[in-house]
Amino acid sequence: MCGIVGYVGPAVDETALDVVMEGLARLEYRGYDSAGVAVIDDDEIAIRKRSGKLANLRSEISAHPLHASSTAIGHTRWATHGGPTDNNAHPHLGGQDRKLALIHNGIIENFHRLKTSLVDAGQSFLSETDTEVAAHLVAMAYERTGDLTEAMREAVAQLEGAFTLLAIHADQPGVVVGARRNSPLVVGLGEGANYLGSDVAAFIGHTREAMEMGQDEIVTITPDSVSVIRFDGTPTEGKRYHVDWDAAAAEKGGYPSFMAKEIDEQPQAIGDTLLGRTDSEGRLVLDELRISEDSLREVDKIVIVACGTAWYSGLTAKYAIEHWTRIPCEVELAHEFRYRDPVVDEHTLVISVSQSGETMDTLMAVKHARELGALTISVCNTHGATIPRESDAVLYTHAGPEIAVASTKAFVAQITACYLLGLYLAQVRGVATGERVAEIMADLADIPAKVQTVLDRMDRVREIARFMADSRAVLFLGRHVGYPIALEGALKLKEIAYIHAEGFAAGELKHGPIALIEPGQPVFVVVPGPDTPHDLHSKVVSNIQEIRARGARTLVIAEDGDEAVVPFADEVIRVPAAPTLLMPLITIVPLQVFALELATAKGLDVDQPRNLAKSVTVE
Ligand code: F6R
């Protein structure tokens with residue numbers, strides 16, 4: 001959830017504050033309840049912090065400027081313990097002399113007990129946060145040890161829960177120490193300067209060389225050194241890697257919002273995720289999986305675990321995976337999975353889907369699956385994130401950085417990657433012939449151009465959205481693979497336009513939801529193509545008639561040339577035809593554009609919707 005940045009370097013052209021403020025701007029999508037920075041200024045810690053978005057912190061710094069410094073940390077918050085107030089904003093100061101500043105992402109689960117004993121020992125607290133407890137613990141340990149790394153090590157030994165902590169001490173300028181357990185932290189490797197961040201966006205404007213941090217590790221950066229130890233004090237080394245996107249990819253590039261840009265990037269997200277996946281004989285190759293074909297042949301059940309939009313990508317992929325592999329596939333909300341008693345063993349393949357690779361619920365589900373002996377594969381968009389590291393294997397989606405809180409391009413890339421996995425399983429197990437795999441890969445290769453066609457036709461959808469800005473509720477119907485698309489369309493509208501929206505399986509309508517239909521009720525219907533098996537097309541056309549007869553305003557997403565829907569549609573939104581299982585990659589686009597345009601018409605901040613954060617690293 002929160003975003004954190006740390007920097008040490010020479011105080012020449014660019015001050016530490018500028019670097020950290022730039023990093024916070026790129027990380028603001030992770031939380032925007034408050035923001036704050038701390039710098040070491042002449043053997044003292046100077047802090048500025050403000051509730052609300054980063055703009056408030058900028059005004060605060062303009063009103064009360066900070067001196068140039070070589071050492072700084074910054075934080076953008078998604079509130080957990082304590083409301084989004086100035087006092088609760090990070091950094092927090094620690095110790096009697098308040099010479100230590102600390103920022104935190106995560107939740108310290110035993111903070112109440114720790115706080116009680118600190119209060120009993122005479123320590124006063126200025127905030128309601130769990131973070132301030134950690135600040136005092138590190139500061140007290142520093143008073144004993146005189147070494148920030150050692151102080152951090154002593155303090156983390158007392159903490160339970162999930163945390164990334166960054167600390168600076170006024171007596172140790174030129175040093176930032178970070179620690180991580182179950183929350184993200186990456187190191188940016190510069191020349192004469194080093195960086196810490198919740199993700200690489202924090203420092204992508206300065207370096208594309210990065211280093212992964214492992215679980216339960218402490219990193220100490222100075223301008224020209226990076227050293228890592230485990231919580232038990234033994235030295236270790238992180239894995240270095242080159243980031244394959246640059247600062248421009250994390251900027252709006254002329255678009256009014258990141259969400260608008262990311263919707264437009266979907267053809268490329270799908271294309272890049274498909275890139276280089278076949279060999280010269282047309283066979284699907286997923287080398288990066290590094291799982292033996294034998295273990296894949298032993299799989300007798302698949303469980304997909306994910307949350308939110310990623311969960312809908314799993315629901316979509318289930319149709320294809322079962323159809324192609326003939327292996328039963330369940331799709332489970334990650335936070336439900338581990339609290340029941342799932343039937344999972346060493347023959348179960350658990351596929352986690354996560355854009356950030358840091359979602360706590362999904363991470364815990366993966367750990368649980370591994371404890372039960374399952375084979376775990378992570379479908380992830382973020383290199384080196386915790387979930388892929390905790391999994392047996394990873395298949396990366398190549399959507400590039402997704403900054404808008406509402407997920408769009410990651411969703412289509414996730415479906416694409418899950419399809420690749422399904423096809424690969426079918427190929428390895430001999431369920432699909434080489435010819436069939438090649439045919440499906442060719443159909444998939446056509447999808448980016450079809451998505452582009454939809455994007456080029458969105459003017460009318462934008463107009464409809466603007467007319468509908470005052471809607472109080474919008475319903476979404478779909479069937480077969482259109483059903484998860486209806487759910488995802490509804491989620492997009494809820495999260496960025498704050499409109500009550502529900503998605504239903506069209507077949508379920510008569511079992512209850514049809515009671516919601518009253519004159520004028522807008523209903524989007526995702527219509528299966530006329531060639532969809534089992535005559536599902538006609539069944540959905542009948543559903544449209546049923547709701548129209550009760551006064552619904554029907555907004556119908558239908559394939560080019562599907563004339564059967566015309567008499568019953570108030571609006572027909574045309575999309576190019578594709579094989580049924582691939583249609584979700586196309587039909588989601590108008591629903592994303594609709595939500596974006598409607599939220600914009602309402603004057604809302606589409607990239608940073610209220611109460612949300614991009615990556616949910618708490619339970
Ligand atoms: C919705 C959205 C969320 C995420 C969910 C999982 O637009 O973005 O529902 O999909 O929080 O996040 P990841 O994919 O990072 O695990």
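**Reading a predicted model: burial, contacts and the ligand shell**

Tutor: Let us begin with Ala552, which sits in the loop between α17 (536–549) and β24 (553–559). Please keep in mind that this is a predicted model.

Student: Why is Ala552 called buried?

Tutor: The relative accessible area of Ala552 is 4%. Buried means under 20%, so Ala552 with its 4% is classed as buried.

Student: What does Ala552 touch, apart from residues up to four places away in sequence?

Tutor: Ala552 touches Ile517, Glu518, Gln521, Val523, Ile547 and Asp570. As for Glu518, its C-alpha atom is separated from that of Ala552 by 6.3 Å, although the two residues are 34 apart along the chain.

Student: How do you know whether Ser352 is buried or exposed?

Tutor: Ser352 belongs to strand β18 (residues 348–354). Its relative accessibility is 1%, and the limit for buried is under 20%, so Ser352 counts as buried. Beyond its neighbours within four places in sequence, Ser352 is in contact with Val305, Thr362, Val366, Ile377, Ser378, Val379, Ile387 and Ser391.

Student: What makes helix α7 mostly covered?

Tutor: Helix α7 spans residues 266–274, and seven of its nine residues are buried. These are Gln266, Pro267, Ala269, Ile270, Gly271, Thr273 and Leu274. Their cover includes α6 (258–264), β20 (393–396), α13 (409–428), α14 (434–456) and α18 (584–601). After α7 comes Gly276, with a positive phi near 65 degrees.

Student: How many helices and strands does the protein chain have?

Tutor: The protein chain has 18 helices and 25 strands.

Student: Why is the chain called as compact as a globular protein of that length?

Tutor: The radius of gyration of the chain is 25 Å, and the globule rule gives 25 Å for 619 residues. The value is close to the rule, so the chain is judged as compact as a globular protein of that length. Along its principal axes, the C-alpha trace spans about 75 × 55 × 45 Å.

Student: What can be said of burial and contacts across the protein chain?

Tutor: Of its 619 residues, 62% count as buried. Among contacts between residues at least 6 apart in sequence, 71% join residues at least 24 apart. The chain exposes about 22600 Å², of which carbon and sulfur atoms supply 48%.

Student: Which residues come nearest to the ligand?

Tutor: There are 14 residues around the ligand, and Ser354, Gln355, Ser356, Thr359 and Glu495 come nearest.

Student: How much of the ligand does the protein bury?

Tutor: Taken alone, the ligand exposes 410 Å², and the protein buries 90% of that.

Student: Which elements give two or more residues to the shell around the ligand?

Tutor: They are α9 (308–325) and α16 (482–497). The largest share, three residues, comes from α9. By type, the shell divides into four nonpolar, eight polar and two charged residues.

Definitions and conventions: Residues are numbered from 1 along each chain as its sequence is written. This is a predicted model: local features need pLDDT of at least 70, side-chain atom pairs count only at pLDDT 80 or more; totals for chains, interfaces and linings use all residues. Side-chain values use heavy atoms; hydrogens and water are left out. A residue is near a molecule or strand if one of its heavy atoms lies within 4 Å of it. Accessible areas come from the Shrake-Rupley method with a 1.4 Å probe; for residues, only the protein chains shown count as cover. Helices (H or I, at least four residues) and strands (E, at least two) are DSSP runs, numbered from the N terminus. Ala, Val, Leu, Ile, Met, Phe, Trp, Tyr, Cys and Pro count as nonpolar, Asp, Glu, Lys and Arg as charged, and the others, Gly among them, as polar. The radius of gyration is taken over C-alpha atoms; the globule rule is 2.2 Å times the number of residues to the power 0.38. Buried means under 20% relative accessible area, exposed over 50%, partly exposed in between (1.4 Å probe, protein chains only). Contact means heavy atoms within 4.5 Å.
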